[in-house]
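Welcome! Please take a moment to look over the sequence and the model below, and then we will walk through them together.

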Amino acid sequence: MADTLPVETIFLRDDALTLQGRLAAAIVRAVLETRSRPGVRLPSSRKLARALGISRMTVTLVYQNLVSQGYLETLPRSGIAIAATVPLRRVEVAARGVSRALDWADWLSDQTLPKRVIRKPENWREFRYPFIFGQADPRLFDHGAWRDCARRALGTRDFSDLAADRYGADDPLLVDYICSHTLPRRGFQASPDEVLITLGAQNALFLTTELLARIDRLAVAEEPGYPDFAETLRRARSPTAFLPVDGMGLDPAMLPEATQLIIVTPSHHIPTGATMPPARRHALLQRAEQLNALIIEDDYDFEMSYLAPPVPALKSLDSAGRVIYIGSFSKSLFPGLRIGYMVGPAPLIARARALRSIMLRHPPTHLQRITSYFLALGHYDAHIVRLRQALKQRRKVLEQALAQTTLQTLGAAAQGGSSIWLGAPGTDSADLAARLHAESVLIEPGAVFFEQAPAPCPLFRLGYGSIADDLIPEGVARIDRMARAMAQQAAKPAA
């Protein structure tokens, strides 16, 4: 091993770190990848700066920082070297002999892949017209407020509390806020032992289904509907009936006699946006009582009510404890937050907490605490006001743009929401979406929302939460032009 780490082993990657952060990461990476031992010298600051095209001061500051961390050390009259305290994470491994490859297909033979998955391009931000649902618009988020809340959670008082093993308990501040503020805004109350914090609404759905779905219990889901409802029930090997929805959501009169579990999105149906009126909500609860069935209510989007006040949650009408309520902060804040919650009778929540502890013994309470501060200090309410104002303007612009097209508006949440359900007659939306990529337009084809999708499927979802309002008219015009061209082509008789 050379006495000096080769300068060419240190290179900067193009990532989100600052220049000093990128250089520090590059040095650490070079030490690990070359398996350099303690005592090996680093290139001089002048030589490394010249090789990387950066200032010598930047290199000097990074060296000093790594010395203070104990990763590097200063040698008398010999410059900077790898410290004796640096942890060596790599070990030499002897060559392995050749053996027969393991047949994973056999091991996984009874595990089926999901049939219905919403796939969004990872590079969706590169599209000029991203009509995509469920993605945050960073221009509407107060990053300074979030950093302040993170700083508070990193303080000595909070850190000592959050660093302890809470044995599956959630952050009491977050649970308290949900009980005292969030749930009353949906028309009902709950005690702390009736609330479980989850890794997003998806995690809450999984836990609930894992506990309640069985092979001898018929479940009912909406058609069209959220694909993960179907896939979660399929994984649980639950027999499932997919019932069509109308302009008022799921019709309780259509529930089969054997129904035991009902999964619904009554406030903003996925994907049509239909809102179940109070009379039908009462009818659904009455029918569930007749069937002795349970209801899972996914109330993912209630904060996006800016055209009219939100209808009280189905859970607010439930006096028998038949409704398991699922909510989330990920939709209203940002998807990467992954903080949701489920509300139900204390015995169910206790079982769900025990099940969660098998998968995740200690929930990420530090992130829960940051969110608690963001909520309690009023930042969340201010964010919701900004979000509603922006969505209201975008909805107005979108409806005006759609009025000038041949596209059919088939569904939109009466209270607001952040998406519209559309149809383009004479097209298949998957083909339409593929062709629109060349126009830098992103839409969501509708077939994934159906267990039995029409073929061809002209339906698609248009989200407007992450596109600027001044880009909406041109984006809609491009969709309409492409849809009309496809319909005309399909109408031509075969030669």
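Which residue in S9 is the bridge partner of Ile-263? The partner is Ile-296. Before we go further, a word on what you are looking at: this is a predicted model, in which local features need pLDDT of at least 70 and side-chain atom pairs count only at pLDDT 80 or more, while totals for chains, interfaces and linings use all residues. Residues are numbered from 1 along each chain as its sequence is written, and side-chain values use heavy atoms, with hydrogens and water left out.

Let us start with the whole chain. The protein chain has 15 helices and 16 strands; helices (H or I, at least four residues) and strands (E, at least two) are DSSP runs, numbered from the N terminus. Along its principal axes, the C-alpha trace spans about 85 × 65 × 60 Å. Of the 495 residues in the protein chain, 48% are buried. Here, buried means under 20% relative accessible area, exposed means over 50%, and partly exposed lies in between (1.4 Å probe, protein chains only).

Now back to the strands. An open sheet of 8 strands, with mixed pairing, has the order S4-S11-S10-S9-S8-S5-S6-S7. Its edge strands are S4 and strand S7 (249–250), each of which pairs on one side only. Two strands are said to pair if DSSP finds at least two bridges between them. Strand S8 (residues 259–264) runs parallel to S9, and 4 bridges join them. Strand S9 (residues 294–298) is mostly covered, with 4 of its 5 residues buried. Elsewhere in the sheet, strand S5 (residues 218–223) and strand S6 (residues 240–246) pair in the parallel sense over 5 bridges. In that part of the sheet, Ala-221 stands opposite Phe-242 in S6.

Next come the charged side chains. A search of the whole structure finds 28 salt bridges, each being a side-chain nitrogen of Lys or Arg within 4 Å of a carboxyl oxygen of Asp or Glu. One of them is formed by Asp-137 and Arg-394, whose closest N and O atoms are 2.6 Å apart. This pair links distant parts of the chain: Asp-137 is in the loop between S3 and helix H5 (143–153), Arg-394 is in helix H13 (residues 379–402), and 257 residues separate them. Are these two residues buried or exposed? Both Asp-137 and Arg-394 are buried.

Arg-185 counts as partly exposed because its relative accessibility is 35%. Asp-381 is partly exposed as well, with a relative accessible area of 34%.

A salt bridge can also be found inside one helix. Asp-431 forms one with Arg-435, the closest N and O atoms being 3.3 Å apart. Both residues lie in helix H14 (residues 429–436), 4 residues apart, about one turn of the helix. Asp-431 counts as partly exposed at 31% relative accessibility, and Arg-435 counts as partly exposed at 32%. Salt bridges that share partners also join Lys-115, Arg-116, Glu-231, Arg-234 and Glu-451 into one network.

Patches are made of residues with over 30% relative accessible area and no salt bridge; like charges are joined within 9 Å, and nonpolar side chains (Val, Leu, Ile, Met, Phe, Trp, Tyr) within 5 Å. Accessible areas come from the Shrake-Rupley method with a 1.4 Å probe, and for residues only the protein chains shown count as cover.Leu-102, Trp-104, Trp-107 and Leu-108 make a nonpolar surface patch of about 510 Å². Leu-102 is placed in the loop between strand S2 (79–82) and H4, and is exposed, with a relative accessible area of 51%.

A positive surface patch is formed by Arg-46, Lys-47, Arg-50 and Arg-56. Lys and Arg count as positive and Asp and Glu as negative, with His and the chain ends not counted; a charge is placed at NZ of Lys, CZ of Arg, CG of Asp or CD of Glu. Helix H2 (residues 45–52) gives the most to this patch, with 3 residues. Lys-47, found in helix H2, counts as partly exposed at 43% relative accessibility.
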